[in-house]
Amino acid sequence: MRFARPVPLAPRPAPAPLIPAARHASPLRRRPRLLAALCLAPLLTGCFAASGDDDGDGGERSAAGGGARLRVALAFPPAENLSPYGADATILSRLGVTEGLTALDANGAAAPALAASWRRENDRSWLFTLREAVFQDGTDVTPAAVAASLTRATLAAPAPAALTGVAFTAKAEGGTSVRVTTARPDPVLPLRLSSPQLAVLSPKAYAKKDAVDPSGAATGPFELTERNGAAAAVLDRFDDYWGGRAQAPGVDVRFIADGGARANALRTGQVDVAEAIPVAQAAGLDADTRRETATTRTTSLHLNTRSGVFKDPALRAAARAAVDASALAKGVYEGHADVGAGIYGPAVTWAASKRVQPAGRARAAAPGGASVTLATYDNRPELPEVAQVLKQQLEKAGFRVKLEVREYARLETDALAGKFDAFVGARNSLLDTGDPVSLLASDFTCGGGYNLSLLCDKGVDRAVGTAQAVADTGGRQDAAMAAEAAVLRTDAVVPLVHQRVVTGVDEDVRGVLLDPYERTLVGAGTRR
């Protein structure tokens with residue numbers, strides 16, 4: 001359903017008390033560390049377009065301690081208790097809580113973060129030199145702590161998507177460096193280590209045997225200090241951040257799954273920043289508060305290749321032939337999206353010129369009234385509309401379709417377990433690692449950790465394995481597109497549209513990080 005007018009927020013019951021995270025005494029830090037960091041902060045905060053005019057980076061202005069707390073509405077509540085090893089990792093990175101050894105710059109290349117520099121020693125070994133930094137619990141970021149944190153990520157079950165098909169060891173080297181050695185050559189390891197799922201946390205985070213708690217244990221400009229389940233969280237400024245003291249004293253976060261409610265919260269002044277504004281609501285926002293960003297996010301129809309109706313390649317081909325993606329781009333997305341050209345869209349600037357058309361697809365068979373269950377989630381409000389249009393298109397082709405719509409947190413486990421015949425999801429193709437090949441390994445290989453199509457195809461695995469071994473940037477892109485064609489040949493996934501995301505930003509807010517990879521949103525320079 002689309003809303004022509006602002007939708008009032010429904011009355012809310014009194015929230016449960018916020019649970020304070022363990023706090024640390026904040027001793028005075030060595031100021032040379034801070035002064036040096038002020039010169040380095042623009043390397044990260046300047047990577048992406050910042051909304052509004054910016055009158056300086058996080059230096060002298062932030063040191064004065066001025067500004068008001070930011071109020072942010074996010075679309076996806078925590079699904080895994082803010083574990084850094086799954087989808088919640090992006091929540092932490094977007095809020096400026098966690099960091100990895102590296103980050104992504106605007107061109108998708110690895111940039112310094114907790115590692116000031118790195119070099120490749122041989123095919124399997126990389127040496128990362130750490131910058132001087134402090135964890136939010138007051139302990140120093142040491143090679144031993146970094147190595148231990150990375151090692152914990154390799155032991156996580158299920159494995160982080162960034163580590164699909166990859167094994168490595170991390171060991172401290174002297175007083176300033178960490179050596180990472182991979183089981184097989186990994187030419188994009190610095191990109192991989194930029195993943196939010198490989199954030200570096202202090203030993204405090206691992207105090208409990210079977211859980212990881214990022215509260216007061218990360219390195220970003222904001223510290224997670226209180227949380228209220230899937231409803232809200234409170235972040236306070238971390239004064240000893242290596243990149244300079246944040247300009248906002250803290251961030252108050254609300255998780256609002258309903259897109260209309262997020263837009264209304266921005267319109268009525270309840271929040272300063274609201275992510276993922278529905279396209280139906282965007283026109284109702286003042287022009288000064290709308291920020292549209294081309295992203296590497298693609299909305300796709302995943303077909304269950306392991307069981308049910310779509311185990312048959314001919315019926316998958318019939319589903320693909322039934323889809324009219326232009327109707328989605330023009331109708332549901334109202335022009336805020338491009339028709340799906342492949343797994344990678346126009347925001348991946350090199351993809352179109354290197355795209356390989358899939359060959360050897362199965363011939364479509366008549367559905368004959370086959371019954372299928374099509375699932376999606378409503379955290380992104382366009383997706384139920386997309387599913388409804390797809391239902392009509394599939395039924396016109398001869399399928400019988402039942403829709404299942406839930407919040408993402410209540411849907412992911414069943415989707416990955418193959419309990420639906422088809423699934424509509426929106427996936428940022430470069431979110432996990434910044435490497436296009438890693439996405440294919442995670443989402444479409446037999447051992448993939450986020451394989452919504454449950455695809456296990458020898459040809460796909462072979463093409464992805466070939467691409468993983470290529471070190472040259474251009475050659476790796478070529479190999480990625482060959483592997484994309486191998487995936488599309490199976491009709492396990494039907495790319496629908498490539499999204500342009502609308503973020504709502506109050507006109508008094510400056511420095512919001514509009515990131516095509518959707519890894520960042522609030523940083524040290526964000527303020528109002």
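Visitor: What is the strand order in the open sheet of four strands?
Guide: The order is E6-E7-E9-E8, with antiparallel pairing (two strands pair if DSSP finds at least two bridges between them; strands, E, of at least two residues and helices, H or I, of at least four are DSSP runs numbered from the N terminus). This is a predicted model, in which local features need pLDDT of at least 70 and side-chain atom pairs count only at pLDDT 80 or more, while totals for chains, interfaces and linings use all residues. Residues are numbered from 1 along each chain as its sequence is written, and side-chain values use heavy atoms, without hydrogens and water.

Visitor: Which strands stand at the edges?
Guide: Strand E6 (115-120) and strand E8 (168-173) do; each has a single partner strand, so one side of each lacks a neighbour in the sheet.

Visitor: And how many bridges join E8 to E9?
Guide: Six bridges join E8 to strand E9 (residues 177-182), and the two run antiparallel. Ala 170 stands opposite Val 180 in E9.

Visitor: Which helix packs on the sheet?
Guide: Helix H5 (residues 143-155) does, touching strand E7 (125-130), E8 and E9 (contact means heavy atoms within 4.5 Å).

Visitor: Changing topic, which cysteines form a disulfide?
Guide: Cys 446 and Cys 456 do, with sulfur atoms 2.0 Å apart (the cut-off is within 2.5 Å). Both lie in the loop between helix H14 (436-444) and helix H15 (458-468), ten residues apart.

Visitor: Why is the disulfide right-handed?
Guide: Because the torsion about the S-S bond of Cys 446 and Cys 456 is about 100 degrees.

Visitor: Is Cys 456 buried or exposed?
Guide: Cys 456 is exposed, at 55% relative accessible area, whereas Cys 446 is partly exposed at 38% (buried is under 20%, exposed over 50%, partly exposed in between; 1.4 Å probe, protein chains only).

Key. Axes are lines fitted to C-alpha atoms, for helices over the stretch in contact, and angles run from 0 to 180 degrees between N-to-C directions.
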